[in-house]
Amino acid sequence: MYLPKELVVEILARVSAASLARLRRVSKGWNATINDEKFAKKRFLLWSHATVITLIANRVYLVSVNLHETHNNIVKVKYQYSLKDPLSKSSEEVNIRHILHCDGLLLCTTKDERLVVWNPLTHETRWIQPRSTYKRLDYFALGKSSWNKYKILRMGQIGNIHPDSLEFEIYDFTSNSWRVVGKTTDWFIQPWQGRVMSVNGNAYWLACREGHGDFLQSFDFSTKRFKRVSLPGDHHSYQVFGLSVTREEQQLCLLTQNNSVQSPYAWIEPAEEPRINVWIATKIESNGAASWIKFLSFDLDNIDERFCFLNAMNFLVDPENKVLLCRGKIWVSKTFLNILGENKSIQVDHQDAKSVCSLLVNYAPTLVQIQQGSLV
């Protein structure tokens, strides 16, 4: 099939760098187009902005962020999504507390402890009723099995700082019901590390075991089994700040900081300065063995002194531009968002100086339909 060159350029310009590299290896015929100066300029314009979802005052906004502008960088609000409350007679909007993203679908928890699956593109929703009640310390994950059946995992934690146990339930969209799948006292989730990521249909989060520190836990929706996932290198040599996913390829990411090491010859050699590292999991085996690459590494000296790294930090990774996009304010910084990278620290503001971004979420629109009896 013949395609006009302009259309080919338009299509390839939207392909991620990783996919372009694979295309170069498979077919040399595209190299002339990929190496063209006009093509490079078009890709830069398309990829220099990140389109993400932000949660501001319990409302969901789609915003565009310029990842390169260093002066007067202000987010552009492209759209405000509206989620109406079915229990409200006056069609009031729902107050959203948290969002999980999976294949363009959003799993939202509300301030009044309700749960809804929402497709912002098609405006379809599915309110998920609890087996008994949802609790503030419940953790949820939206994933899918190998035969593309979406399911929800609920992890109900009993206790706060030192929980007694965790019980697990799975919601099936076909039967419209929850099923208890187990209980454990072996590990728990710290309240400040409760972010769950969905990658290739599976769920990942940081867990803790008394006396053993943090480790990476996962749940496979096909086998309905939990497994530990190996961390990069010597996991005792760094502190884990949080998990995230890459912007396009949706690969699992880990944000860490090296522990400061004091040399035994301190009068000669100063202590090793802590560095911020971003790791990307290139492969995760079924037994939990993971292959990691250090994607990004930079000194704290290069970061604005008003910025602070925290446990369970909310951040997004952009491999194309080699930067982190982090939410600001709330003990992190004084600006709405922050863009961080090697020799890069950019403050991003909002037109409304009082606006606070409580959550950043990658978003890829989908036409997946949420039906009454199933999610297909």
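The largest pocket has a volume of about 1100 Å³. Keep in mind that this is a predicted model.

**The largest pocket**
- A set of 34 residues lines the largest pocket, and Arg-97, His-98, Arg-136, Pro-191 and Arg-195 are the ones nearest its centre.
- Strands E4 (96-102), E5 (105-110), E8 (138-144) and E24 (357-362) are the elements that each give two or more residues to this lining.
- E4 gives the most to the lining, with four residues.

**Leu-107**
- You'll find Leu-107 in strand E5.
- Leu-107 counts as buried because its relative accessible area is 2%, and the cut-off for buried is under 20%.
- Leaving aside residues up to four places away in sequence, Leu-107 touches His-98, Ile-99, Leu-100, Leu-115, Val-116, Val-117, Phe-140, Ala-141, Leu-142 and Ile-152.
- Leu-107 and Arg-126 sit 19 residues apart in sequence, and their C-alpha atoms are 9.6 Å apart in space.

**Thr-246**
- Thr-246 belongs to the loop that runs between strand E16 (238-245) and strand E17 (252-258).
- Is Thr-246 buried or exposed? Thr-246 is buried, with a relative accessible area of 0%.
- Its contacts, not counting residues up to four places away in sequence, are Gln-251, Cys-253, Ile-280, Val-317, Pro-319 and Asn-362.

Key
Residues are numbered from 1 along each chain as its sequence is written. This is a predicted model: local features need pLDDT of at least 70, side-chain atom pairs count only at pLDDT 80 or more; totals for chains, interfaces and linings use all residues. Side-chain values use heavy atoms; hydrogens and water are left out. On a 1 Å grid over the protein atoms alone, a cavity is a set of points where a 1.4 Å probe fits but cannot get out, and a pocket is an open set with protein on both sides within 12 Å along at least five of seven lines; lining residues have an atom within 4 Å of a point. Grid points are joined across faces, edges and corners, and a volume is the space filled by probe spheres set on the points. Buried means under 20% relative accessible area, exposed over 50%, partly exposed in between (1.4 Å probe, protein chains only). Contact means heavy atoms within 4.5 Å.
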